[in-house]
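Dear colleague,

Please find the sequence and structure below, handed over for your files. My notes on the model come after them.

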Amino acid sequence: IRDSVIVVFRPSDIRVFKKVTNDDNVFKATVKDVEFLGLITRLHLRIKTWDVIADVWTSTSESYRKNEEVYVVFPPEWGIVYQYPKEGLMLEVLGE
C-alpha cells in the first residue's frame, strides 16, 4: 500500500519569472494581488485552481501587476514532504 503525501513550499522558496524558464516544475500563473511589505513583495498567484503565495525581494523584484501572467517555479530541493493526514487535509488544517 502506498502512502499519500503532501508537498509544501515556503513562500520565500517559490521563484517567479516574467518569461518562461527551462527549470523543472514550471507553471503558468496569474497575479491576483501584489502586497508591498517593505523588503518583501508578496504575490498572490493563481495556477489553474490553486492559490499560491510567493514572497520576492522588493529590491530585486520586477514590478508585478494584477492580472499579469507569470511563470512560477517550485524548486524540488526546497519542497517539504508530509504524510497526508488520515482524517483528511481540511480537518487537519482547520482543526475541527
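The following paragraphs set out what was found.

This is a predicted model, in which local features need pLDDT of at least 70 and side-chain atom pairs count only at pLDDT 80 or more, while totals for chains, interfaces and linings use all residues. Residues are numbered from 1 along each chain as its sequence is written, and side-chain values use heavy atoms, with hydrogens and water left out.

Overall architecture. Along the principal axes, the C-alpha atoms fill a box of roughly 45 × 30 × 25 Å. Of the 96 residues, 25% count as buried (under 20% relative accessible area; exposed is over 50% and partly exposed lies in between, with a 1.4 Å probe and protein chains only). Among contacts (heavy atoms within 4.5 Å) with a separation of 6 or more, 63% are between residues 24 or more positions apart.

Strand pairing. Strands are treated as paired if DSSP finds at least two bridges between them. Strand E6 (residues 69–73) runs antiparallel to E2 (residues 15–17), with three bridges joining them; Val 16 has Val 72 as its bridge partner in E6. E6 is also joined to E3 (residues 26–37), again antiparallel, by five bridges, and here Thr 30 is partnered by Glu 69.

Aromatic residues. The structure holds three aromatic pairs, where rings of Phe, Tyr and Trp (its six-membered ring) pair if their centres lie within 6.5 Å; planes under 30 degrees apart count as stacked, over 60 as edge-to-face and the rest as tilted. The rings of Phe 9 and Phe 74 form a tilted pair, because their planes stand at 55 degrees, with centres 5.2 Å apart. This pair links distant parts of the chain, 65 residues apart: Phe 9 is in the loop between E1 (5–8) and E2, and Phe 74 in the loop between E6 and E7 (80–83). Phe 74 is buried, at 10% relative accessible area. Phe 74 also pairs with Phe 27, at 5.7 Å between centres and 75 degrees between planes, so this pair is edge-to-face. Phe 27, in strand E3, lies 47 residues from Phe 74. Phe 9, Phe 27, Trp 50 and Phe 74 form one aromatic cluster.

Terms used: Helix = DSSP H or I, 4+ residues; strand = E, 2+ residues; numbered from the N terminus.
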